[in-house]
Amino acid sequence: GDRIQVNAQRSGPRSETHVWAEDYRRDLTAEDLFAIQGEITGEIANALKAQLTAGEQERIAGAPTEDLGAYRLYVQGRSLMDSRAGDSLKKAIGTFKRALRQDSSYALAWAGLADARVLYASYNAESQEAFSERMRAAIPEARTAARRARSLDPNLAEAYASEGVIYMYEQLVRSG
């Protein structure tokens, strides 16, 4: 319904006994969903006696989007990408674009679009020539999306990873 429940627990590495456990119940809104994630991360860090920097605490407390629909589309797009099948990758591109129509400042969705675009171009190419042609067409849109993600969130690891993947494919095409 409109509520979320998360049970988080940490077990000992050898005995598998519970070292820490917490149950979270909240109304399901984008703000609460990300607040729960931040709380869980903070509790786990405390249980592990980890010291978080001010920047890490700020990132944990922040919500990547205020639009729960955009978040759902982002998660759906990442799930579609996991199959690594051409049809699913094509659907993932559309799903990320729909998320971005709902929230054009959603950096994670921009990174997802970049990843889906190059992955889709890389799958099911019949030959090296076909691969190179598809990749040459995909790289500009993917690069634009990755750069947009990084400009929206300069600390977003996914944006840097996307740029690295794009660079790798670009080198493959050049050497090709």
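Which residues form one aromatic cluster? Tyr74, Phe96 and Tyr106 do, in a model that is predicted. The legends below describe close-up views of this model.

**View A. Aromatic cluster of Tyr74, Phe96 and Tyr106.** The aromatic pairs come to a count of three. In one of them, the ring centres of tyrosine 74 and tyrosine 106 are 5.6 Å apart and the planes meet at 55°, so the pair is classed as tilted. This pair joins distant parts of the chain: tyrosine 74 belongs to helix 3 (residues 68–82), whereas tyrosine 106 is found in the loop between helix 4 (86–102) and helix 5, 32 residues apart. Both tyrosine 74 and tyrosine 106 are buried.

**View B. Tilted pair of phenylalanine 131 and tyrosine 169.** The two rings form an aromatic pair with a centre-to-centre distance of 6.1 Å and an angle of 55° between the planes. Phenylalanine 131 is part of helix 6 (residues 128–152) and tyrosine 169 is part of helix 7 (residues 157–175), so the pair ties together parts of the chain that are 38 residues apart in sequence. Phenylalanine 131 has a relative accessible area of 11% and counts as buried, because the cut-off for that class is under 20%. Tyrosine 169, at 10% relative accessibility, is likewise buried.

**View C. Helix 5 and the residue asparagine 124 just after the helix.** Helix 5 comprises 16 residues (residues 107–122). From its first C-alpha to its last, helix 5 reaches 23 Å, which is close to the 22 Å expected at 1.5 Å a residue. The helix is mostly covered, with 15 of its 16 residues buried. Just after helix 5, asparagine 124 adopts a positive phi of about 65°.

**View D. Charged end of arginine 134 over the ring of tyrosine 120.** The charged end of arginine 134 lies 5.4 Å from the centre of the tyrosine 120 ring and sits over that ring.

**View E. Leucine 52 in the loop between helix 1 and helix 2.** The loop that holds leucine 52 runs between helix 1 (30–47) and helix 2 (54–61). Leucine 52 has a relative accessibility of 29% and is therefore classed as partly exposed, a class that lies between the cut-offs of under 20% for buried and over 50% for exposed. The C-alpha atom of leucine 52 is separated by 8.6 Å from that of glycine 42, and the two residues are ten residues apart along the chain.

Terms used. Residues numbered from 1 in each chain as written. Predicted model: local features only at pLDDT ≥ 70, side-chain atom pairs only at ≥ 80, totals over all residues. Heavy atoms only, no water. Helix = DSSP H or I, 4+ residues; strand = E, 2+ residues; numbered from the N terminus. Buried < 20%, exposed > 50% of the residue type's maximum accessible area, 1.4 Å probe, protein only. Expected span 1.5 Å × (residues − 1). Phe/Tyr/Trp six-rings, centres within 6.5 Å; stacked < 30°, edge-to-face > 60°. Lys NZ or Arg CZ within 6 Å of the ring centre and 35° of its normal.
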